[in-house]
Amino acid sequence: MNRKHLIIIAGILLLALVLVACGGTTQTEQVEVTRIVEVTRVVEVPAEGGEPQAVTFAEAGDTLKTVRDRGVLKCGGNANVPGFGYLDPDTNQFSGFDIDFCRAIAAAVLGDANAVEVIPTTGTSRFPTLQSGEVDVLVRNTTWTISRDTSLGFDFAPTTFYDGQGMMVRKDSGITSLADLEGGTICVQSGTTTEKNLADVMRALDIAYEPKVFPDAPSTLEAYDSGACDGFTTDKSGLVSQQVLLSDPSAHTILDETMSKEPLGPLVRHGDNNWGDIVTWVVFCTFSGEEYGITSENVDDMLNSDDPVIQNILGVTGDLGTAMGLSNDFCYQVIKQVGNYEEIYNRNLGPDTPFNLPRGLNALYTEGGLLYAPPFR
Ligand SMILES: N[C@@H](CCC(=O)N[C@@H](CS)C(=O)NCC(=O)O)C(=O)O
């Protein structure tokens with residue numbers, strides 16, 4: 001049962017005068033704003049696939065101020081998934097598609113893409129790490145689900161990578177479909193959507209199997225690589241990523257079947273809407289950069305564009321950043337320092353990387369994909 005100790009400190013009525021430009025005329029509207037402040041609370045939430053657990057939620061607070069005062073963005077990341085979030089043991093540097101979104105948020109908020117501390121998390125540790133306030137945002141191949149959005153107390157920014165769960169097997173195993181795994185063993189990581197999907201899909205297909213569950217990616221991979229399992233299941237992006245770490249990557253293949261929908265993207269604590277807006281519009285900035293052909297290479301020339309849409313995106317005109325407490329050139333900083341979506345994708349997952357992942361659903365809507373940013377207006 002939820003023990004919600006939500007204290008409404010004050011309903012502050014503000015009388016705001018909002019100027020609304022409409023049809024060429026200017027009108028004045030009176031707006032009542034009620035502000036609700038949440039304080040630290042403890043609730044019981046269902047653990048992923050398990051018993052309810054007590055969770056301490058940090059005060060939703062003003063994350064923007066916290067980050068600005070600290071001068072560094074704390075980003076929950078992944079250390080074990082090359083291409084998405086990976087800690088290079090030689091350089092001790094994090095890199096990957098998700099890490100670039102951490103950098104993009106830092107560029108927008110602090111004007112410096114390098115002002116990021118990545119805190120590595122596992123499937124199980126990631127949610128308490130965000131709930132407790134240890135990190136400001138989680139960008140770590142995390143699937144947007146209703147329970148994470150509601151009972152776990154998060155808000156998801158737009159999906160940055162549309163994925164689905166897959167199954168890897170050895171090429172010489174003769175396994176060509178999930179049905180061939182009847183009676184077999186499957187390596188899977190705990191604290192993930194993967195674990196539940198596997199059970200649901202195999203039950204629905206009436207395939208008997210034995211799950212072997214591990215707490216993190218390295219132990220799951222090691223077990224599969226050593227022959228402890230016939231199959232290894234996770235998001236297809238994760239499989240492609242983990243494949244390069246196997247002792248003989250070419251000896252393995254990913255089955256065609258897709259077992260689930262896995263929309264992956266950044267998430268923040270529920271309750272700090274402004275911070276949620278910031279992370280959301282950083283993602284939309286990267287989509288819009290690609291849509292309007294603004295790249296890290298040409299962004300300075302684009303400042304002189306006479307296209308009003310580009311002027312708004314880059315903050316040459318308007319005050320779209322100020323409304324979130326950012327500078328108006330926040331999207332300029334993102335594109336200049338980190339790049340647009342296509343640049344981020346190609347740098348980490350594109351044809352010049354070991355992954356060479358086709359864009360598929362992760363193309364712009366204009367190219368038949370699902371990426372669609374609302375107007376910078
Ligand atoms: N998208 C799924 C799975 C995400 C996930 O945790 N995948 C694993 C397997 S690739 C992972 O990133 N493991 C890294 C680790 O825990 O060390 C979810 O949100 O539950």
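**Helices and a ligand shell**

Mentor: Helix α2 (residues 97-110) packs against helix α11 (residues 330-337) at an angle of about 140°, their axes 8 Å apart. Axes are lines fitted to C-alpha atoms, for helices over the stretch in contact, and angles run from 0 to 180 degrees between N-to-C directions. Helices (H or I, at least four residues) and strands (E, at least two) are DSSP runs, numbered from the N terminus. α2 is therefore oblique to α11; under 35 degrees counts as roughly parallel, over 145 as roughly antiparallel, 65 to 115 as roughly perpendicular and the rest as oblique. This is a predicted model: local features need pLDDT of at least 70, side-chain atom pairs count only at pLDDT 80 or more, and totals for chains, interfaces and linings use all residues. Residues are numbered from 1 along each chain as its sequence is written.

Trainee: At what angle do the axes of α8 and α12 cross?

Mentor: Helix α8 (residues 273-291) and helix α12 (residues 341-349) cross at roughly 95°, and their axes come within 6 Å. The two helices α8 and α12 are therefore roughly perpendicular to each other.

Trainee: How many residues surround the ligand, and which are the closest?

Mentor: A residue is near a molecule if its C-beta atom, placed from the backbone, lies within 6 Å of it. Here 20 residues surround the ligand, and the closest are Thr122, Gly123, Thr192, Ala217 and Gly238.

Trainee: Where does the ligand lie relative to domain 1 and domain 2?

Mentor: Domain bounds come from an automatic or database domain assignment. Domain 1 (60-161 + 265-361) and domain 2 (165-260) both give residues to the shell, so the ligand lies between them.
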